[in-house]
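Please look over the structure shown below before reading the notes that follow.

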Amino acid sequence: MISKKFSKAANISTHTLSDWMKNEGEAQKLVLLDCRQEEEFVVSRIPGAVRVDYENEAESILEKIQDVQTDKSARIVCYCAAGYRSSLIVEKLQDHFKKLGTKPPWEMYNLEGSIFKWANEGRTMVDVYNKGTPFAHPYNAVFGKLLESHLRRQDVQKQNEEKITVVDSH
């Protein structure tokens with residue numbers, strides 16, 4: 001459904017991204033853009049991701065990319081909760097370069113299934129304190145159904161309290 005609406009945004013699988021992250025040479029060329037709201041980002045993110053506001057203009061997003069990566073052979077991978085906002089960012093950046101009459105200097109992708117799929121597969125995520133976490137913010141009641149119920153968290157405080165409870169119960 002999302003890939004049909006954003007047909008210009010190339011998708012990569014969670015498996016492909018995971019492979020790139022494990023390969024040191026590939027990992028150094030990666031820029032992960034988390035296109036979710038701040039309250040989602042603090043609960044969890046893919047390690048190394050930089051948060052961008054999907055409502056920002058292309059120039060602002062490009063500044064964030066250039067702050068973390070100057071390599072023209074870089075790969076930009078955008079993700080959000082389910083893929084809508086991240087696909088929007090990919091197409092926004094593509095349109096920006098098209099208006100300039102040039103091609104983007106990097107390969108740009110949307111992570112298919114985004115962080116919900118990543119979390120459902122049990123892949124590595126970190127919270128605002130850079131500690132490993134299995135949880136993801138459910139975004140809303142409708143899209144949150146795409147995330148397995150035991151992985152849903154809306155705030156880090158509750159997440160930390162539950163971790164403490166688990167530690168104290170043994």
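Helices (H or I, at least four residues) and strands (E, at least two) are taken as DSSP runs and numbered from the N terminus. This is a predicted model, in which local features need pLDDT of at least 70 and side-chain atom pairs count only at pLDDT 80 or more, while totals for chains, interfaces and linings use all residues. Residues are numbered from 1 along each chain as its sequence is written, and side-chain values use heavy atoms, with hydrogens and water left out.

**Surface patch**

- Leu146 lies in the loop between α7 (114–120) and α8 (156–168), and together with Val142 and Phe143 it forms a nonpolar patch on the surface with about 290 Å² of accessible area.
- Such patches are made of residues with over 30% relative accessible area and no salt bridge, like charges being joined within 9 Å and nonpolar side chains (Val, Leu, Ile, Met, Phe, Trp, Tyr) within 5 Å.
- The accessible areas come from the Shrake-Rupley method with a 1.4 Å probe, and for residues only the protein chains shown count as cover.

- Strand β2 (residues 30–34) has 5 of its 5 residues buried, so it is largely enclosed by the rest of the structure; buried means under 20% relative accessible area, exposed over 50%, and partly exposed in between (1.4 Å probe, protein chains only).
- In a regular strand the side chains alternate between the two faces of the sheet.
- Both faces of β2 are covered, with Leu30, Leu32 and Asp34 buried on one side and Val31 and Leu33 buried on the other.
- β2 pairs in the parallel sense with strand β4 (residues 75–79) over 5 bridges, where two strands count as paired if DSSP finds at least two bridges between them, and Ile76 in β4 is the bridge partner of Val31.
- β2 also pairs in the parallel sense with strand β3 (residues 50–51), over 2 bridges, and there Asp34 stands opposite Arg51.
- From β2 the chain crosses through helix α4 (residues 38–43) to β3 in a right-handed β-α-β crossover, meaning that, with the strands pointing away from the viewer, the path from the first strand over the helix to the second runs clockwise.

**Salt bridges**

- The count comes to 7 salt bridges, each defined as a side-chain nitrogen of Lys or Arg within 4 Å of a carboxyl oxygen of Asp or Glu.
- Arg36 forms a salt bridge with Asp34, the closest N and O atoms being 2.7 Å apart; Arg36 is buried at a relative accessible area of 1%, and Asp34 is buried at 0%.
- Arg51 forms a salt bridge with Glu38, with the closest N and O atoms 3.0 Å apart, and because Arg51 lies in strand β3 and Glu38 in helix α4, the pair ties together parts that are 13 residues apart in sequence.
- Arg51 is partly exposed at 22% relative accessible area, and Glu38 is partly exposed at 41%.
- Arg75 forms a salt bridge with Glu107, the closest N and O atoms being 3.3 Å apart; Arg75 lies in strand β4 and Glu107 in strand β5 (residues 107–111), so the pair ties together parts that are 32 residues apart in sequence.

**Cysteines**

- The structure holds 0 disulfides, a disulfide being a pair of cysteine sulfur atoms within 2.5 Å.
- For Cys78, which is in no disulfide, the nearest cysteine sulfur is that of Cys35, 4.5 Å away, and Cys78 is buried at 1% relative accessibility.
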